[in-house]
Amino acid sequence: MSKFCSECGARLKVGAKFCSACGHKVVTELAQDSPPPKSIQEIYAEKKAANTPPAPMPYEKPKTVQEIFAERKAANTPPAPMPYEKSKTVQEIYAERKAATTPPQNYNQNYQNQTYGGWWYETFLRKDGRLNRLRFFKRTILSSCIGLVPYIIIFIVLNLNPENINHTAMLGILYTAFVAYLDYGLIVRRSHDLSRDVYWYKYIKDDEEFLAKVNTGMQALRILALFYEMATYTNLPYQIYFICDIVVYGLWFAKGEVGTNEFGTDPLERRYY
């Protein structure tokens, strides 16, 4: 309600319905933004809703001892064991390894087509690849036997006198040169197989034919010694000729590198060449 009369402007008393100055009827002014008063029913409904307790939780049946035990057992169950595999017998392992190292049926034909000199080239003259200790030992002995055959034949045919040093030294020169020629490729392949901890490995890495060249130089010294015998008619100590073969003797016992290296695969893994 306004505090002053809208007609004369006189101050109105609290709760007056008429102006005491001019008698004008006081009009009660309601705020436009005030909400309408609530009814008793609405007030009672709000209080009842506020005092209403929450709905009870749905009833859950408690688990039995058997159900709890089953759940814990399922949680602690170990994973299923791996299926059992029967171990291979010695015969099966041997058969698998033999099949892995057996050449194909057409290997011999392809092998001959890929070589330039057949068996002779592959056994002695070839310089690529690796050669293990046993094969190197067998082939150096074979080269010595091959070189010794013409030596013996010529010696028998000419019926040389052992005291005639000129003929004996000449045959020794031919034998030494021929064997050194056969051993050159063998030493190159054997040096490719040497392990890294061998003393000569650093020289082999720089020069693949290093040991073969050293052996050739040693054999050249042997030939010079034979020429000296021919010129002076004197016999040198026979131990000199064994010293000249020191490279070959050392490669008989030098351990090869296990596995593949920069010169090829391990020769022990290849049974047929």
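Helices here are DSSP runs of H or I with at least four residues, and they are numbered from the N terminus. Keep in mind that this is a predicted model, where local features need pLDDT of at least 70, side-chain atom pairs count only at pLDDT 80 or more, and totals for chains, interfaces and linings use all residues. Residues are numbered from 1 along each chain as its sequence is written, and side-chain values use heavy atoms, with hydrogens and water left out.

Let's start with the largest pocket. A pocket is worked out on a 1 Å grid over the protein atoms alone, as an open set of points with protein on both sides within 12 Å along at least five of seven lines; its lining residues have an atom within 4 Å of a point. Its volume, meaning the space filled by probe spheres set on the points, which are joined across faces, edges and corners, comes to about 700 Å³. There are 27 lining residues, and Tyr-175, Thr-176, Arg-222, Tyr-238 and Tyr-241 are the closest to the centre. Helix 7 gives the largest share of this lining, with 9 residues. Helix 6 (133-158), helix 9 (210-232), helix 10 (239-243) and helix 11 (246-253) are also on the list of those that supply at least two residues each. By type, the lining splits into 16 nonpolar residues (Ala, Val, Leu, Ile, Met, Phe, Trp, Tyr, Cys and Pro), 4 charged (Asp, Glu, Lys and Arg) and 7 polar (the others, Gly among them).

Now pick out Gln-219, which sits in helix 9. Gln-219 has 6% relative accessibility, so it counts as buried (under 20% relative accessible area with a 1.4 Å probe, protein chains only; exposed is over 50% and partly exposed in between). Skipping residues up to four places away in sequence, Gln-219 touches Thr-176, Ala-180, Cys-244 and Asp-245, where contact means heavy atoms within 4.5 Å.

Back in helix 7, which covers residues 165-192, you'll find His-192. His-192 is buried too, at 3% relative accessible area. Apart from neighbours within four places in sequence, His-192 has contacts with Lys-127, Gly-129, Arg-130, Glu-208, Asn-261 and Phe-263.

Last up, the aromatics. Rings of Phe, Tyr and Trp (its six-membered ring) pair if their centres lie within 6.5 Å; planes under 30 degrees apart are stacked, over 60 edge-to-face, and the rest tilted. The whole structure has 6 such pairs. One of them joins Tyr-203 and Phe-210, stacked at 5.1 Å centre to centre with 20 degrees between the planes. Tyr-203 is partly exposed at 32%, and Phe-210 is partly exposed at 24%. Elsewhere, Trp-119, Trp-120 and Phe-124 make up one aromatic cluster.

Note on methods:
1 Å grid on protein atoms, 1.4 Å probe; cavity = no way out; pocket = protein on both sides within 12 Å on 5 of 7 lines; lining within 4 Å.
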